Amino acid sequence: MSSIAALAQTAGLRRQTPAPVPPRPNVTDDYERWYTEATPNNRMLLSLRSGIDSEVAWALDRLCRLCQNEQFMLRAIPGLTDALFEWPEWYTKEGAKQYSDDSVFFAVPPGKERKRRHAIESLFILRNAAMHPSNGEELAIHPNTRDLILCALHELKPNTDANCEFLLYVIEILQSIASNIVLPPPNASPKASPIGPLQQIAGFSSNRSLIIAALTALTIMYSNPSNVSHLSSESPALETSMNVLPLILDKELIDAALNYMYAHLSYPPMTKAFLLHPRMPGTLRLLVSLILADQMEENVSFEIGMPVYTAPAQSYVTKDHELTKEELDKLVSISEPQRCYEWMKTMFVAKADGELTQVDFWNLYKDVFLPFQDRYPLLVASDVIKNVTTVFPQAQAMVLPGPPQRFVVRGVDRRKDISAGAQYKCLWDRSGCSAEVFASTDVLYEHILDQHLTPFEGAHMPCLWATCQQTDITKAQMRGHVLTHLPDMQPPPKHPAQPDTITLPSAGFPHPVADPTTRPPPPARSTRVTYMRPHVDPPPSSLTALLILRVLFRASFASSDAAPRADDDHFGFPGTVDDPEEDAEEERNRSSDSDMEGERRGRKAFIGIRYLMEDVRLRHETFQGWVTEMVDAGLTGTT
């Protein structure tokens with residue numbers, strides 16, 4: 001017993017700690033191994049082929065989620081592609097016939113509805129998978145793909161929601177493989193080509209999604225040069241493309257329509273035929289309007305002139321304040337020294353760098369109040385000077401060393417009155433009249449009559465206003481003539497755009513001057529150039545519209561006028577001689593009458609849209625060069 005215990009104890013000592021188990025990877029739902037294992041007995045594949053509705057529905061539900069991931073590959077599960085084709089093929093060959101027109105108005109039995117959903121969901125999975133290039137390549141070589149597409153397009157009518165959804169997925173699968181499809185010859189059986197049904201859907205369907213899908217599929221197939229023989233000038237898809245051009249807000253539909261138009265019109269015979277189309281001029285206008293609607297511009301301005309010097313249009317005169325009669329009457333009766341205080345507050349202001357002589361202070365005070373000294377005694381000069389610091393504490397009376405010595409008061413200055421310039425100043429006696437500026441035109445006029453015209457003796461007199469050259473005017477006429485020198489009593493209102501300043505020829509130029517007409521002409525007040533320029537590249541739809549215009553423009557101006565030759569009615573070009581063989585060659589190469597008529601109508605249409613093209617501005621120089629070429633051709637009708 002002891003030996004057993006010893007062995008157990010020895011084994012326990014030798015036992016090692018087990019290695020930690022690595023955590024299981026956190027895989028996304030639906031990517032568990034039993035769903036995605038690449039074996040023929042894959043659970044989803046077996047469920048699809050079981051024929052049991054619940055199992056099929058479960059498998060399709062899982063695949064609908066899986067196919068939205070870029071890692072989903074059809075070839076990863078052998079047989080999955082064949083299984084997914086089974087339900088759509090059943091629906092196109094048999095299933096769709098089991099649903100009568102009454103199903104549009106009445107509910108379909110649950111069993112039949114499940115089968116239809118199985119077909120649509122299977123097709124949805126194939127459509128999503130086809131978006132990946134590897135899956136698209138597999139579907140392109142799969143034998144069932146083309147048969148399903150042709151059968152669905154020719155047999156199903158887009159008259160129900162279910163059929164529209166089914167056809168939409170079919171056309172989108174076709175888009176993924178259309179670049180490699182070479183269509184059969186035009187004289188082959190119509191059911192061997194998808195062009196006919198796609199043209200019908202694009203031209204007559206009212207389902208927007210189907211129209212976009214059909215136009216896109218046609219564009220891809222017509223982009224292959226081997227398929228251009230299937231183009232027709234009476235294409236329903238072309239009519240639809242022209243019809244939707246005004247819908248500029250629906251970018252997806254506009255892009256599909258423009259791409260189809262470009263693929264259609266890139267084939268020269270179709271371009272020539274379109275020039276004869278009655279809707280061609282209107283289509284050109286819509287294409288230009290589309291470019292203009294997507295145009296994004298910014299304002300750009302820059303200065304091209306020299307600096308501008310201005311002065312106020314209304315000149316102002318600054319002068320020392322003088323006591324008015326009202327102010328004087330109020331001050332005279334006040335007792336001293338209060339009268340001196342109030343007088344200083346009225347006549348002076350504090351100013352740090354101001355300076356007045358003490359003599360000026362005393363003289364100003366004495367001149368005002370000396371006439372009233374018999375009733376109101378004056379202060380002596382020293383008291384007046386002392387009162388300055390009482391009224392203006394920062395002021396200071398001082399003596400500045402000389403020679404000569406100056407007795408000043410620093411820290412005060414005369415109060416200033418700012419008034420309008422000599423607008424109402426009397427300029428009689430060649431601007432020598434000493435009268436003050438008047439308040440208005442009528443007061444100034446009365447002054448001239450009373451002081452200058454009435455005292456003059458004689459029947460004729462010269463006009464002495466400023467620089468007036470009139471020398472012999474009767475006294476009666478002078479009363480009217482002098483009004484021509486005076487400002488209007490009611491000046492006209494200033495225009496809102498008229499500035500408050502005037503432009504001077506240079507900095508420091510004197511203003512105002514006696515005769516403004518002698519002033520040199522000033523530089524232009526506004527020399528800023530402003531224009532619009534595109535600041536971003538146009539969207540793809542605008543570039544496609546421009547390419548369509550370019551194709552039609554080159555076709556409209558394809559032939560050039562032959563050089564005039566010398567004959568009885570023409571001088572011709574130097575060195576140009578008549579060559580009978582060359583004339584015969586030109587006659588053989590001359591376009592048919594219909595082509596010439598198309599070119600004529602095309603030129604007329606481009607002349608008609610020239611005014612719209614002038615507003616087109618593109619950032620890229622090459623594209624803008626195309627626009628400029630079309631505008632220039634619209635001026636003359638020739639390139």
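Which helix does Asn387 lie in? Select Asn387 and you'll land in helix α19, which covers residues 381–391. You're looking at a predicted model, so keep that in mind as we walk around.

**Stop 1**

Now show what touches it. Setting aside residues up to four places away in sequence, Asn387 touches Pro337, Cys340, Tyr341, Met344 and Leu379. Pick Pro337 from that group, as we're going there now.

**Stop 2: a cis bond at Pro337**

Pro337 is in the loop between α16 (325–332) and α17 (338–347). Zoom in on the peptide bond that runs from Glu336 to Pro337: this bond is cis, with omega near 5°. As a rule, most peptide bonds are trans.

**Stop 3: Trp343 in α17**

Carry on into helix α17 and select Trp343, which lies in that helix. Is Trp343 buried or exposed? Trp343 is buried, at 0% relative accessibility. To see what is around Trp343, leave out its neighbours within four places in sequence and show its contacts: Leu323, Leu331, Phe348, Phe361, Leu364, Tyr365, Val368 and Phe369. The C-alpha atoms of Trp343 and Val368 are separated by 9.6 Å, and the two residues are 25 apart along the chain.

**Stop 4**

Next, select residues 428–431, which make up helix α20. Two residues here are worth a click. Asp429 has a positive phi of about 60°, although it is not a glycine. Ser431 is also in helix α20, and Ser431 has a positive phi of about 70° without being a glycine. In general, most residues other than glycine have a negative phi. As for the surface, Asp429 is partly exposed, with a relative accessible area of 42%, and Ser431 is partly exposed as well, at 41%.

**Stop 5: looking for disulfides**

Now colour the cysteines. How many disulfides does the structure hold? The number is 0. Cys433 is a handy example: the nearest cysteine sulfur belongs to Cys426 and is 3.7 Å away, so Cys433 is in no disulfide, given that the two sulfur atoms would have to be within 2.5 Å. Cys433 has a relative accessibility of 10%, which means it counts as buried. Select Cys164 too: this cysteine is buried, with a relative accessible area of 11%.

**Stop 6**

Move to helix α7, residues 133–141. Which residues of α7 are buried? They are Asn135, Gly136, Glu138 and Leu139. These residues cover an arc of only 160° around the axis, so they sit on the same side of α7. Turn to the other side of the helix and you'll find Pro133, Glu137 and Ile141, which are exposed.

**Stop 7: a cavity**

Leu139 leads us to the next stop, being one of the residues that line the largest cavity. The structure holds 1 cavity of 30 Å³ or more, and the volume of the largest cavity is about 40 Å³. To find the spot, select the lining: Phe85, Leu123, Leu126, Leu139, Thr145, Leu148, Ile149 and Ile173. The elements that give two or more residues to this lining are α6 (110–130) and α8 (143–155). Which of the elements gives the most? That's α8, with 3 residues. Colour the lining by class and you get 7 nonpolar residues, 1 polar residue and no charged ones.

**Last stop: zoom out**

Finally, show the whole chain as a cartoon. The chain has 27 helices and 11 strands. Of its 639 residues, 36% are buried. How far along the chain do contacts reach? Among contacts between residues at least 6 apart in sequence, 69% join residues that are at least 24 apart.

Terms used
Residues numbered from 1 in each chain as written. Predicted model: local features only at pLDDT ≥ 70, side-chain atom pairs only at ≥ 80, totals over all residues. Heavy atoms only, no water. Buried < 20%, exposed > 50% of the residue type's maximum accessible area, 1.4 Å probe, protein only. 1 Å grid on protein atoms, 1.4 Å probe; cavity = no way out; pocket = protein on both sides within 12 Å on 5 of 7 lines; lining within 4 Å. Points joined across faces, edges and corners; volume = space filled by probe spheres on them. Helix = DSSP H or I, 4+ residues; strand = E, 2+ residues; numbered from the N terminus. Nonpolar A, V, L, I, M, F, W, Y, C, P; charged D, E, K, R; others polar. Arc of directions from axis to C-beta. Contact = heavy atoms within 4.5 Å.
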